[in-house]
Amino acid sequence: MFDVIIIGAGVIGSAVAREMSRYNLKTCVLEKNNDVSDGTTKANSAIIHAGYDAKPHTLKGRLNARGNAMFDKLKEELDFPFKRNGSLVICFDKNDISELEKLKVQGEMNGVPGIRILTREELLEMEPNISEGAQGALYAPTGGIICPYSFAISLAENASENGVEFKLETKVKNIEKKDGHYSVKTDKGDFEAKVVINAAGVYADEINNMVSEHKMKIIPRKGEYCLCDNTVGNLVSKTVFQLPTKLGKGVLITPTIDGNLLIGPNAEDIDDKDDLTTTKEGLDFVLEKAKLTMNPLPLGHIITSFSGLRARNVEGDFVIGEREDAKNFINAAGIESPGLSSAPAIAEMIKDIVVEKLNPENNENFNPVTKAIPRFREMSLEERKALIKTNPKYGTIICRCECVTEGEIMDAIHRPLGATTLDGVKKRTRTMMGGCQGGYCSSSILNILARELNIAKTEVKKGADNSNILIGENKENL
């Protein structure tokens, strides 16, 4: 019997798991995929929003600015990449300056510090590569950029180190109410818990509907992106939004935390919760809209495109809290944008609910600190020499584009909740994210995975089930 079961190991589930580990609670996370941060968390705009966009008095409005303010301490404790680069919302019509003023007032009501309106001249001085058609902007200095999966992985690792159990490749099939607890039925057996927390992303409605008569509907909203190489990552220094519409915050242009340039997304409501395809129509739309912000765009520097799904709740706000007809079943559902920015505050809110219900003692051994994998590419020559002395494998470059070493890959594999696939190594080290997109290094990474996990090369997967890279050998004894 667990005290708490969390369904979903994305950024919300992992943040909640870390909060639970502060207490003497027997906690388990169930995740249907073979790695943490494998759903919405791994494919989004990687933005920490300042908090001016959400309507005041909504959960989004309450939790965004609060969550934003928590990232500096979290970065210090968990050692993930994060930078407050500031954000801009630009308009292209002088008549829309009044809309920026409304956003400013809204942000101030939500507790966003330092926001102000920029004139056209101030905007172009701050971002000289912005289109001259821009007429003004709202500037929020607390906006930031992050690596979302690095953040989620660091949360999960810290939770694991503090006693939380993670059951990967464990899909929830049903949940039954028992006397005073729940029985969570999975494809790996049954798990019993006093409290169940639903953090299942685009599948949160299905989990909710297993136990509650208050039905929920989550609509996947797909967003497509183009990613440019790091030679053009400095074309803008701030995250640049266009004035929002009913469909969202519009197409943005932003530097990434790793020095690339990201353009996107569009917004398309779809039915398939696993559809991560990109389309010519979608990407053409993204690039055409982005030209309003910057023209010409660095189209020759695009190295890849991708899409992600947002868990849009038809009611329009986060759904957080206990269901009235399902005691001790707690939702963290409909967590679309600004969900990543709000994640620490959402976890804090759910922690307060659980503590009130179970009244647990503090975990006196809780350690909030987790150190990241050494980042060889960011080190000085002297730091690199010192690292190589600890393990010569740090002296072997595997990924040339991103300057990632064999030692870093081995570290990624052997950490708590370590990588077991090429995508798992990629998320933890940035291998295969450079200009060649894995053309040079993927075969070497496959060999390292097989060696370190003591499995056959044909068992190594790219990511999800049935994504094996190799099916056999066409030459023997080589």
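**Close-up views of a predicted model**

In strand β12, the bridge partner of Ile5 is Val196. This pair belongs to the first view below, and every view is taken from a predicted model.

View A. Strand β1 (residues 2–7) and strand β12 (residues 189–198) run parallel and are joined by five bridges. Strand β11 (residues 181–186) is also joined to β12 by five bridges, but these two strands run antiparallel. A hairpin leads from β11 to β12 through two residues. Strand β20 (residues 326–333) runs parallel to β12, and three bridges join the two. Here Asn198 has Asn331 in β20 as its bridge partner. Strands of a sheet pair through backbone hydrogen bonds, and the pairing may be parallel or antiparallel.

**View B. The open sheet β3-β8-β4.** Three strands make up this open sheet, in the order β3-β8-β4, with antiparallel pairing. The edge strands are β3 (47–48) and β4 (82–83), each of which pairs on one side only. Two bridges join β3 to strand β8 (residues 144–146), and these strands run antiparallel. Ile48 has Gly144 in β8 as its bridge partner.

**View C. The stacked rings of Tyr225 and Phe306.** The model contains six aromatic pairs. One of them is formed by Tyr225 and Phe306, whose rings are stacked, at 4.9 Å centre to centre and with 10° between the planes. Tyr225 lies in strand β13 (residues 218–228) and Phe306 in strand β18 (residues 302–313), so the pair ties together parts that are 81 residues apart in sequence. Phe306 counts as partly exposed, at 23% relative accessibility.

**View D. Further surroundings of aromatic rings.** Phe71, Phe80, Phe82 and Phe151 form one aromatic cluster. Elsewhere, the ring of Phe2 has the charged end of Lys26 over it, 5.0 Å from the ring centre.

**View E. Cysteines without a disulfide.** A disulfide is a covalent bond between the sulfur atoms of two cysteines. How many disulfides does the model contain? The count is zero. Cys147 is in no disulfide, and the nearest cysteine sulfur, that of Cys399, is 14 Å away; a disulfide requires two cysteine sulfur atoms within 2.5 Å. Cys147 counts as buried, with 6% relative accessibility. Cys28 is buried as well, and its relative accessible area is 0%.

View F. An unreviewed UniProt entry places the feature "domain: BFD-like [2Fe-2S]-binding" at residues 397–451. Over these residues the chain is 49% helix and 9% strand, and the end C-alpha atoms lie 17 Å apart. Helix α11 (residues 406–414) is mostly covered, with eight of its nine residues buried. Which residues of α11 are buried? They are Glu406, Gly407, Glu408, Ile409, Met410, Asp411, Ala412 and Ile413. These buried residues pack against β21 (397–399), β22 (404–405), α12 (422–429) and α13 (442–453).

Technical notes: Residues numbered from 1 in each chain as written. Predicted model: local features only at pLDDT ≥ 70, side-chain atom pairs only at ≥ 80, totals over all residues. Heavy atoms only, no water. Phe/Tyr/Trp six-rings, centres within 6.5 Å; stacked < 30°, edge-to-face > 60°. Helix = DSSP H or I, 4+ residues; strand = E, 2+ residues; numbered from the N terminus. Buried < 20%, exposed > 50% of the residue type's maximum accessible area, 1.4 Å probe, protein only. Lys NZ or Arg CZ within 6 Å of the ring centre and 35° of its normal. Pairing = 2+ DSSP bridges. UniProt positions renumbered as here; feature names shortened; annotations may be inferred. Contact = heavy atoms within 4.5 Å.
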